[in-house]
Amino acid sequence: MENAISLHEITKVFGNRKVLDNITLDVKKGEIFGLLGPSGAGKTTLIKILTGQLKAESGSSVINGLDSRKLTGKDYRSFGIMMDDFGVYERLSCFENLKIFARIYGIGNDKIHAALEAVGLADAKKTPAANLSKGMRSRLRLARVFMIDPAVLFLDEPTSGLDPATADEIQKMILAEKEKGKTVFLTTHTMSEAEKLCDHISLLNEGHII
């Protein structure tokens, strides 16, 4: 099966700390790949390198056949990123939050409504992000990813800090994306979540695949 993501001998250094040390891994198209590790292991850094937000000191990374170091604005339409509170504007409503990204991607309002419906936020579309619970914020960040209908989804600890019922609902949404043929690159520090969702996993600790 063809690879959606390939990393070869990626090394990243911050100051005199080697955050990633010679990382090599492949993710097949249509699978959910889990990168497990404790906080500070380098999981988020790896996603940022893959998606062109950071440059590695050495090594190569490819997503959808494209060199991560040379991604164009058009290339970014082929993958979606859910990280922390990246892109959540507190004063804006759920709908207005998504509308900012819809304009960037040239997406109509119908896609916004569909994404909010898909994550169970249709009734909260006028609610300011500042008033959302943690679970609802996670849904809003997922809606932003679903809205652009990407081939590859990067989900950085999407259920972190959520109650079990909310986490279960988000996990079902992730599995539904796989059923559509999407590739999911998932980071988590929860082994049970990885066992439930992932086709393959790698364990990352102190910058090494162990």
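**Close-up views of a predicted model**

**View 1. H2 passes H4 in a right-handed crossing.** Right-handed means that the near helix is turned clockwise from the far one by less than a right angle. The two helices pack at an angle of about 35 degrees, with axes 10 Å apart. Axes are lines fitted to C-alpha atoms over the stretch in contact, and angles run from 0 to 180 degrees between N-to-C directions. H2 makes the contact (heavy atoms within 4.5 Å) through Cys94, Asn97, Leu98, Phe101 and Ala102. H4 brings Leu140, Ala143, Arg144 and Met147. By class, the contact of H2 with H4 has 7 nonpolar, 1 polar and 1 charged residues. Here Ala, Val, Leu, Ile, Met, Phe, Trp, Tyr, Cys and Pro count as nonpolar, Asp, Glu, Lys and Arg as charged, and the others, Gly among them, as polar. Helices (H or I, at least four residues) and strands (E, at least two) are DSSP runs, numbered from the N terminus.

The model is predicted: local features need pLDDT of at least 70, side-chain atom pairs count only at pLDDT 80 or more, and totals for chains, interfaces and linings use all residues. Residues are numbered from 1 along each chain as its sequence is written, and side-chain values use heavy atoms, without hydrogens or water.

**View 2. The largest cavity has a volume of about 30 Å³.** On a 1 Å grid over the protein atoms alone, a cavity is a set of points where a 1.4 Å probe fits but cannot get out; lining residues have an atom within 4 Å of a point. Points are joined across faces, edges and corners, and volume is the space filled by probe spheres set on them. Gly87, Val88, Asn97, Leu98, Phe101, Leu140, Arg141 and Arg144 form the lining. Helices H2 (94-105) and H4 (134-147) each give two or more of these residues.

**View 3. The largest pocket holds about 290 Å³ of space.** A pocket is an open set with protein on both sides within 12 Å along at least five of seven lines. Its lining has 18 residues, and Asp84, Arg141, Asp156, Glu157 and Ser160 are the closest to its centre. H4 gives the most, with 4 residues. The lining divides into 3 nonpolar, 7 polar and 8 charged residues.

**View 4. Glu2 forms a salt bridge with Lys29.** Their closest N and O atoms are 3.5 Å apart. A salt bridge is a side-chain nitrogen of Lys or Arg within 4 Å of a carboxyl oxygen of Asp or Glu. Glu2 lies before strand S1 (3-14) and Lys29 in the loop between strands S2 (17-28) and S3 (32-36), so the pair ties together parts 27 residues apart in sequence.
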